[in-house]
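Student: I would like a close look at a single part of this model. Could you take me through one chain and then its surroundings?

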Amino acid sequence: MTQTTAFPSVSAPKSGENTWLWLLKIITGPLLVILLAIHFIVNHYISETGLLTYSEVVAYYQNPIIPIMEILFLASVVTHSLSGLRGIILDLKPARHVLKILDWVLVIFGVSAVVYGVWLALTIASKGV
Amino acid sequence: MSENWNITLKVSRQKEGEKPHFDEFKIEVDPDEYVLDAVERVWAFMDRTVCFRHACHHSTCGACGMRVNNVEKLTCITYIRDVTHDGGVLKLEPLRNFPIISDLAVDMGSLYNRLETVGVRAILPAPEAEIENPPATWDSADQQYIRLADCIECGLCISACPSAATSSEYLGPAVLAGVQANGIKGNPEMLNIVDAEDGVWRCHSAFECTAVCPSYVDPARRIMNLRTQVIKERFTRLFHKA
Amino acid sequence: MENQRNRPSPSKFWTWFNPIGRETGGWAFILNRVTALGLVFYLYIHLLVLSQLAMGPQAYDNFLALMSNPMIIFGEVLVVAAGIIHGLNGIRIVLTTFGVGVTRQKQLFYGLMAVALIAAFVFAFRMFTA
């Protein structure tokens, strides 16, 4: 086996992406297929008018399993979409410092989206109390 | 014998200091000839400044890769009748994602450097060579047999790969396929090189590399298998440390 | 002597979406990337507009009246189609990564996209006749 010398053509491997990050994408993916199916079917086919009135949405959110399902779905889709976006950006070979900033932006944006979603779900649920 | 066809060769020209453009050459060909024959004839009898690369003329050296009508082909084994018709056009462009030296010849240095750096083997012992219908077990006498690896280092896969279009540091299908053939288990120092941004995770399963490979390497399958090897190795290390 | 034009470059990202010269797997890659970007765009707008829910019954019901415009409904059909296409293509990627269906990835793609097409039509039918 030849040894790997520091050739300029195989640059020092960048750790911008690795098995674990990819596994995050590949696990949230199928999870999403299931959660999305549930979200969609339950929201539009099981509820009476398909959640097309305010009062129906509020009544629907009284069942605690609904906000739980929605928040789980939101967390998965935010994780999957932002790590997917990051993958596309990595194809464009961003500089290291740009990537660092981008990572922070994505994390902050993602966490905010989930926090917002939790707030919204709980607000709606509380309107029917 | 088939009748001769009259076709137009549209050759991409790119010389230093000149604007890149296409030159058209009308020639008569036997459709059972290869695209490379047509290029050679244009060079020999019509324009000696056309620059292209060729050597073995039997799909072993990997020198004559080009884009023929927008698709990567090894021109020494591409029949003219498979890519155009009588009265048709044969558009010839150099491979993508490599710097152009002149006209249809590109600088393959980055590919060769990488293949050598990661230790891709050109000759494999028969038991490792993935031959068709291998024996159930190899006896000691069989161990002496060796086989040339399938990859002829032609670069068609890198030209066709969408990830290679935007990333000059992506190792690319040929290199990753070579690492797969060596295996991560026997070469653990390769793990950090392929389990990286420019390694297996830049592949997005387009399978274009396998679609254009003229030598049955099936790089896409190998990259998928390499991913499995990498994941297995990472999990093994995780649980052994803990 | 070297020509910069033919080198890999981030500015060539538009080539990702160019189907010329590509085969089945390449189309799958294009579809996956296009639907991914479309869905990201839709997702965050969807989250934003749902805030109308918190503004009370009037705001939400008004918003929904706006959303019954046939152009919007058509857009929603596209979103659902994108979701199904992206999801099924993703399944193909998971399968092939773990060695399943690698030699038949073209047939796998066609089969899954046929399912996606049928599902999209069923959904469109229901949306427009409801």
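Among contacts in chain C between residues at least 6 apart in sequence, what percentage join residues at least 24 apart?

Tutor: Happy to, and please keep in mind that this is a predicted model. For chain C, 64% of the contacts between residues at least 6 apart in sequence join residues at least 24 apart. The chain has 4 helices and 0 strands, and from the N terminus on its elements run α-α-α-α. Its radius of gyration is 19 Å, well over the 14 Å that the globule rule gives for 130 residues, so chain C is more spread out than a compact globule. The C-alpha trace of chain C spans about 65 × 40 × 25 Å along its principal axes, and 26% of its 130 residues are buried.

Chain C also meets a helix of chain A. Buried residues of helix 4 of chain A pack against helix 1 (24-49) of chain C, together with helix 2 (54-60) and helix 3 (65-90) of chain A. Those buried residues are Ala113(A), Gly117(A), Leu120(A), Ala121(A) and Ile124(A). Helix 4 of chain A covers residues 96-127, and at 1.5 Å a residue its 32 residues should span 46 Å; the end C-alpha atoms are 47 Å apart, which agrees.

Most residues other than glycine have a negative phi. Glu153(B), however, has a positive phi near 60°; this residue is found in the loop between strand 9 (146-148) and helix 4 (156-160) of chain B. Glu153(B) is buried, because 20 other C-beta atoms lie within 10 Å.

Technical notes. Residues numbered from 1 in each chain as written. Chains lettered and ligands numbered in written order. Predicted model: local features only at pLDDT ≥ 70, side-chain atom pairs only at ≥ 80, totals over all residues. Helix = DSSP H or I, 4+ residues; strand = E, 2+ residues; numbered from the N terminus. Expected span 1.5 Å × (residues − 1). Buried ≥ 20, exposed ≤ 12 C-beta atoms within 10 Å, placed from the backbone. Contact = placed C-beta atoms within 7 Å. Rg over C-alpha atoms; globule rule 2.2 N^0.38 Å.
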